[in-house]
Amino acid sequence: MSELDTKFKNLLKTIKNYAPKNDLELVSLAFDFAKEAHKGQKRMSGEDYIFHPLATAQTLAEMKLSPAIIIAGLLHDIPEDTNYTLEDIRKNFGEEVSSLVEGITKLGSIKYRGIERYIENLRKMFIAIARDLRVILIKFADRLHNLRTLYALPRNKQIRIASEVMEIYSPIANRLGMYEMKGQLEEEAFKYLYPKEYNWLKILIEEQIKHKEKYLNKIIKFVKQELENEGIKNFEVRGRIKQLYSLYKKLLRHDKDINRVYDFIAIRIIVKNVPACYSVLGIIHKKMKPLKGRIKDYIAQPKPNGYSSLHTTVFTPEGEIIEIQIRTREMEEDAEYGIAAHWYYDEKGSFKPNKKTNWIEEITKWQKELSENQKFLEKLKIDVFQDRIFVFTPNGDVIDLPYGATPIDFAYNVHTDIGNQCVGALINNQIATLDKALKSGDVVEILTNKSRKFPNPDWLKFVKTSLARNKIKSSLSKRTLIDKFLKK
Ligand code: MN
């Protein structure tokens, strides 16, 4: 069998694990279609082009995503790079698949052009998320394979693509709780952005692993035995090595001293439910003394992005220090795939977002409303970019401001003089009061009067940004000085 066939078989096998059989036929049709469309095309790496969409689809299948998403992954480069059009895709594979492919094609124009374009890029990604989260998932899978074949590109392109990943993709994956994806993306980008550091760390880690491997296996065996003795059932114990980039960031905080990073090798114990997590923690502490201040209960108090797990760091019988993470299978899937883990098959075999995660339902709802209501952004309450809003100048420049910011904050953000000379504001072409809270997507025009020299002290009562506050205060103090001077 050819390498391509083997890889495609593997894709079908991965999907078969969780999807109904008739979906597999459609995936096969999409694969044949993509093969035909990309016929004769090569990647920079010299491989036939089809290996790229196939790898993209494989990543999506490993996240257990719906066949429509996987099919869109197989077809994602067709409208841009082949003679076939979006319309051909729609005719053959329907509305859902073609709208996903369209979304990816549009996102394709996002490029990292340094900090001044950064916010704009984030905004585009953000809007794309709001329209259809699934597009982002495909884009991530696409980018991951591009990173893995980055060696074939010239150095300047390597740097541009790797920077995009660190500055745009990775923060978004993080906000969406997709740690597995974030880790893999960063790992590849790290290699190209900091080659010296990457190689230093790789050698360092290999030495450490050689040294620790034996005792790691020993401790895994020990833990398994103890849990069995205590009657714990249906569990899994495995070792994991911290990803190089996150280890690198941690080392920077610890004077590059690997002996001070306790969690670069950890043991993960997966159990069947929450009570079992705590039982296991008890057993572990009975057998191995915990390090003070290193027990973290992210089950009782999950991290803001929903991460749940128990962490503890213990002394092994050999006197080594090791981190142990205890969690349920569900927590494990959440931590790896984040929001991508929240789709599931219902009894009828249709693919749906999980009911537990309300905000995904919300997004689905917004998607439906989108066609009727273009002002969808104001409804977005997902904390993807914390509490920031994005508003536009009449020229289309994007200004990002904290939630609740007013036209005055906007004005000072554009220019101090515009702030000081502000006499009114138009929000989406409507006259608005100066204390009105702006919303994402608003187009804001500041009306100025050139003869006005000083801000109104009342503005201090409602501005939200320290930038505006400081500029108002400093302009007012100048006025006080002038007043004093005039009085004398
Ligand atoms: Mn692609």
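Guide: α3 and α4 (residues 67-75) come up now, with axes 7 Å apart at an angle of about 160°. This is a predicted model: local features need pLDDT of at least 70, side-chain atom pairs count only at pLDDT 80 or more, and totals for chains, interfaces and linings use all residues. Residues are numbered from 1 along each chain as its sequence is written, and side-chain values use heavy atoms, leaving out hydrogens and water.

Visitor: How is α3 oriented to α4?
Guide: Axes are lines fitted to C-alpha atoms, for helices over the stretch in contact, and angles run from 0 to 180 degrees between N-to-C directions. The angle is about 160°. Angles under 35 degrees count as roughly parallel, over 145 as roughly antiparallel, 65 to 115 as roughly perpendicular and the rest as oblique. Therefore α3 to α4 is roughly antiparallel.

Visitor: Which residues in α4 meet α3?
Guide: Contact means heavy atoms within 4.5 Å. α3 brings Pro53, Leu54, Thr56, Ala57, Leu60 and Ala61. Their partners in α4 are Ile69, Ile70, Gly73 and Leu74.

Visitor: How many residues of the contact of α3 with α4 are nonpolar?
Guide: Ala, Val, Leu, Ile, Met, Phe, Trp, Tyr, Cys and Pro count as nonpolar, Asp, Glu, Lys and Arg as charged, and the others, Gly among them, as polar. In this contact, no residues are charged and two are polar. The nonpolar ones number eight.

Visitor: How is α3 oriented to α8?
Guide: Helices are DSSP runs (H or I, at least four residues), as are strands (E, at least two), numbered from the N terminus. α3 (residues 51-62) and α8 (residues 133-148) have axes that come within 8 Å and cross at roughly 125°. That is why α3 to α8 is oblique.

Visitor: How is α10 oriented to α12?
Guide: The axes of α10 (residues 179-193) and α12 (residues 244-253) come within 7 Å. They cross at roughly 75°. So α10 to α12 is roughly perpendicular.

Visitor: How many charged residues does the contact of α10 with α12 have?
Guide: α10 gives Lys182, Glu186, Glu187 and Phe190, and α12 gives Leu244, Tyr245, Tyr248 and Lys249. By class, four are nonpolar and none polar. The charged count is four.

Visitor: Which elements give two or more residues to the lining of the largest cavity?
Guide: A cavity is a set of points on a 1 Å grid over the protein atoms alone where a 1.4 Å probe fits but cannot get out; lining residues have an atom within 4 Å of a point. The lining is Lys212, Tyr215, Val261, Tyr262, Phe264, Ile265, Ile321 and Ile322. The elements are α11 (195-229) and β5 (321-328).

Definitions and conventions
On a 1 Å grid over the protein atoms alone, a cavity is a set of points where a 1.4 Å probe fits but cannot get out, and a pocket is an open set with protein on both sides within 12 Å along at least five of seven lines; lining residues have an atom within 4 Å of a point.
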